[in-house]
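My entries follow in the order in which I examined the contacts.

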Amino acid sequence: PGNHNIIPSSISSEVLILLIFLNVATLGSGTVPLVNNFITFLVSSPETLIMAIPETPGPVDKAYMVIAISISGIIHINIILIMNSKEEIFDKAKKLHVSGNIKEAKKLYLELIEIDGNNFLFQNLLGTTLLQLKKYDEAIKHLNISIKLNPSFAESFGNKGIAHAEKKQYQEAISNYDKAINLKKKFFDAYLNKGIALKNIHKHDEALKYYYFCIKVNPGNPKIYSNLGNLFLKQKKFKETLKVVDKAISLHDKFAKAYAIRGETNALLCNYKQAIVDYERALKIDSNLDYIQGNILYSKMYINEWGNFDLEISKLRKEINNKKKAVTPFTLLSLIDDPKMHKDVAEKYSKDNFSFFLNKEKITSKLKDKINVGYFSADFKNHAVSHLISDVFKNHNKSLFNIYGFNYGLKKDKITYKVSKY
């Protein structure tokens, strides 16, 4: 129009409006200044429909000004709403997470990631909930995203290490703990978890160094003493075990795992009555502890305590059939006569406790003149097993078989010497 200085363009006002909305939609959660600059660019740049605002704006000018101002206002409001909504969801998710409502917290973290998928903290927290829900592969996926977004956040490496440890991938776990420690020199949890991983791959001396370091950093943490007790128990240092688990219990009198370790130690020292007390206390605090139910029954058998025995065996069967870790293979041998159950329990126990040592390479055999037979035992001594199987060793056909014995027992006596001659 004659009194309006509008540079000619083939773009209609309707197309301009559409372009503004499309670009705003693309920007999403862009900053307010960026949106304002973008709108100014659309209505003033020669590359689009440009309006040089006259001294007295006409109807068309006013229309464009209203469009620009309206869109700017909408974006201002939307950004504020998104920010407020995100903060509210985050606060609610944290409260649920801390209170132990992991599944609901996970749902809200997923909502937050829908709003802002490039937030490393949201990815880490989602990974943490998945870790707690035992969905380790999914946890690792989101923790990797968190690490990619912020490779300086030590907690993501620490949590990823835990996920690998739960999958029995101890070397990968240790690698992630090391990265976490490099980023955060006083990362207590990473030091403690690395000690646990080292213990699980039987690097006991290295594990001890990390446990003692943790005691220096945080001497009031009962978890250190419990894990240290577990390591001493593996080394058959029973006196040291009792000392440190007593310390753990003194710091936290409802620490189920500490009672369980003390129960196992007392059983090995033949203090069966005290072992039963400790086991039952542990199970009362945490009914999901592994192998405790079987340990209680086994200890009761040693002191001829047969009260409610049939009922207890029935409960044990039910737990095993429900795929619970209720009893160890050796303990089960004297409790229930069921070969298939023995096999299932032994396979699960081996997978859970010795997968790190399993040889996954295919073993090939070559035809030889004699077959090699090896016996592995800790009982090549004055023990019922040796007395019962001695005739088998004695009567092997040496022309067809080479016989080898591998003794990993600590005690040796006359029977050890006698068996070695076979």
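Entry 1, α10 and α11. I looked up the relative direction of helix α10 (residues 204-217) and α11 in this predicted model. Their axes cross at roughly 155° and come within 10 Å. Angles over 145 degrees count as roughly antiparallel, and α10 and α11 are therefore roughly antiparallel to each other. I noted the crossing of α10 past α11 as left-handed. On the α10 side I listed H204, A207, L208, Y211, Y212, C214 and I215 as the contact residues. On the α11 side, I224, Y225, N227, L228, L231, F232 and K234 make the contact. By class, I recorded eleven nonpolar residues, two polar and one charged in the contact of α10 with α11.

I then turned to helix α12 (residues 238-251), whose axis is 8 Å from that of α11, the two packing at an angle of about 160°. That angle makes α11 roughly antiparallel to α12. From α11, the residues P222, Y225, S226, L228, G229, F232 and L233 take part. They meet F238, E240, T241, V244, V245, K247, A248 and L251 in α12. I divided the residues of the contact of α11 with α12 into ten nonpolar, three polar and two charged.

Next I examined α11 (residues 222-234) against helix α13 (residues 256-268), and found an angle of about 25° with the axes 9 Å apart. Angles under 35 degrees count as roughly parallel, so α11 is roughly parallel to α13. The crossing of α11 past α13 is left-handed. I found S226, G229, N230 and L233 in α11 meeting K257, A258, I261, E264, T265 and L268 in α13. I counted four nonpolar, four polar and two charged residues in the contact of α11 with α13.

In which sense do strand β1 and strand β2 pair? I recorded the parallel sense, over seven bridges, for β1 (residues 371-377) and β2 (residues 401-407).

Notes:
Residues numbered from 1 in each chain as written. Predicted model: local features only at pLDDT ≥ 70, side-chain atom pairs only at ≥ 80, totals over all residues. Heavy atoms only, no water. Axes fitted to C-alpha atoms, helices over the stretch in contact; angles between N-to-C directions. Helix = DSSP H or I, 4+ residues; strand = E, 2+ residues; numbered from the N terminus. Parallel < 35°, antiparallel > 145°, perpendicular 65-115°, else oblique. Left-handed = near helix turned anticlockwise from the far one by under 90°. Contact = heavy atoms within 4.5 Å. Nonpolar A, V, L, I, M, F, W, Y, C, P; charged D, E, K, R; others polar. Pairing = 2+ DSSP bridges.
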